Amino acid sequence: MTLTTTKNVRDYAIESPQTIPVFEKLGIDFCCGGNRPLDEVCAAANLNLDEVLRALESATAEPVRPSDRELRSGSLAELISHIVRTHHAFVRAQIPEIERLLDKVHSKHGANHAELTPIRDVFHGLGQELMLHLMKEENILFPYIERMEESGVQREPILPPPFGTVANPVRMMEHEHDDAGAALRSLRKTSGDYTPPADACTSFRALYTALANFERDLHQHIHLENNVLFPRAQEMETKHQGT
Ligand SMILES: [Fe+2]
Ligand SMILES: [Fe+2]
């Protein structure tokens, strides 16, 4: 892949998923706000562009894992199944687990660590929003995309969706992704980049590790939807309409 400073961050992530850990490490948003050129993003974050390019270069020298390649070139049904089986399942399993840890750590250390109250409240709001979000994707948007793809294979016309065009629910999902991204940024800031305080007990440390893992997974999840699934679904719909 060509490394250019004016290429958008999300295009790096799409073309070379090996660059994603580099962006994660540097705190560069490649999913919701990834539609910005690398040089601009580095300037805004005070990052040395040459160093970032070197890190990206060594990441792209690594071979692409077969699963990443398949996710980009396989069927949309396979991509959806991957998203639901891995990322949706992870979100559903982690929310109650993190809530439990948050309640425990907050009741024990909340008095000495005021940051735990906003962290608990923001995560609680994020968890509730995400549960609804997953339901909307699984019950409305994803089944439509799967039906549309199946109609293409069978060369049958697709029934017009109740929401007019796939662009409408996609826009709504992207908006909800932006809100989730803002909640993650707030959690990271309030927790000092998930750095446990010196007096943190094991549960406190486990909580910050779990929140950091939750963030990493959600970034990857939103990236697959915003930057791979949704554009491919919209492209497929346009192609269908033209036939
Ligand atoms: Fe999702
Ligand atoms: Fe989503």
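Donors here are N, O and S atoms within 2.8 Å of the metal (3.2 Å for Na, K and Ca), and water is not among the atoms, so sites may look incomplete. Four donors count as tetrahedral if all angles lie between 85 and 135 degrees; four count as square planar and six as octahedral if opposite donors are over 155 degrees apart and all others between 65 and 115; anything else is irregular.

This is a predicted model, in which local features need pLDDT of at least 70 and side-chain atom pairs count only at pLDDT 80 or more, while totals for chains, interfaces and linings use all residues. Residues are numbered from 1 along each chain as its sequence is written, chains are lettered from A and ligands numbered from 1 in the order in which they are written, and side-chain values use heavy atoms, with hydrogens and water left out.

- His177 lies in helix H8 (residues 167-190) and Glu225 in helix H9 (residues 202-241), so the pair ties together parts that are 48 residues apart in sequence.
- Helices (H or I, at least four residues) and strands (E, at least two) are DSSP runs, numbered from the N terminus.
- His177 has a relative accessible area of 3% and is buried; Glu225, with a relative accessible area of 0%, is also buried.
- Buried means under 20% relative accessible area, exposed over 50%, and partly exposed in between (1.4 Å probe, protein chains only).

- The iron ion (ligand 1) is coordinated by His88 (NE2), Glu137 (OE), His221 (NE2) and Glu225 (OE), at 1.9 to 2.2 Å.
- The spacing of the donors of the iron ion (ligand 1) along the chain is H-x48-E-x83-H-x3-E.
- The arrangement around the iron ion (ligand 1) is irregular, because its 4 donor atoms subtend angles of 88 to 163 degrees.
- Glu137 bridges the iron ion (ligand 1) and the iron ion (ligand 2), which lie 3.2 Å apart.
- Glu137 lies in helix H7 (residues 116-154) and His221 in helix H9, so the pair ties together parts that are 84 residues apart in sequence.

**Surroundings of selected residues**

- His221 counts as buried, at 2% relative accessibility.
- Leaving aside neighbours within four places in sequence, His221 is in contact (heavy atoms within 4.5 Å) with Ile83, His87, His88, Val91, Leu134 and Glu137.
- His221 and Val84 are 137 residues apart in sequence and 9.6 Å apart in space, C-alpha to C-alpha.
- Asn227 is placed in helix H9 and counts as buried at 6% relative accessibility.
- With neighbours within four places in sequence left aside, Asn227 is in contact with Arg10, Ile14, Phe30, Cys31 and Ile222.
- Val105 belongs to helix H6 (residues 76-109) and counts as buried at 1% relative accessibility.

**Helix H8**

- H8 has 24 residues and reaches 34 Å from its first C-alpha to its last, close to the 34 Å expected at 1.5 Å a residue; the expected span is 1.5 Å times one less than the number of residues.
- Among the buried residues of H8 are Met173, Glu176, His177 and Leu184.
- The buried residues of H8 pack against H7 and H9.
- Just after H8, Gly192 takes a positive phi of about 60 degrees.

**The chain as a whole**

- The protein chain has 9 helices and 0 strands.
- The radius of gyration of the protein chain is 20 Å, close to the 18 Å that the globule rule gives for 243 residues, so the chain is as compact as a globular protein of that length.
- The radius of gyration is taken over C-alpha atoms, and the globule rule is 2.2 Å times the number of residues to the power 0.38.
- Along the principal axes, the C-alpha atoms of the protein chain fill a box of roughly 65 × 40 × 30 Å.
- Buried residues make up 45% of the 243 residues in the protein chain.
- Among contacts in the protein chain between residues at least 6 apart in sequence, 75% join residues at least 24 apart.
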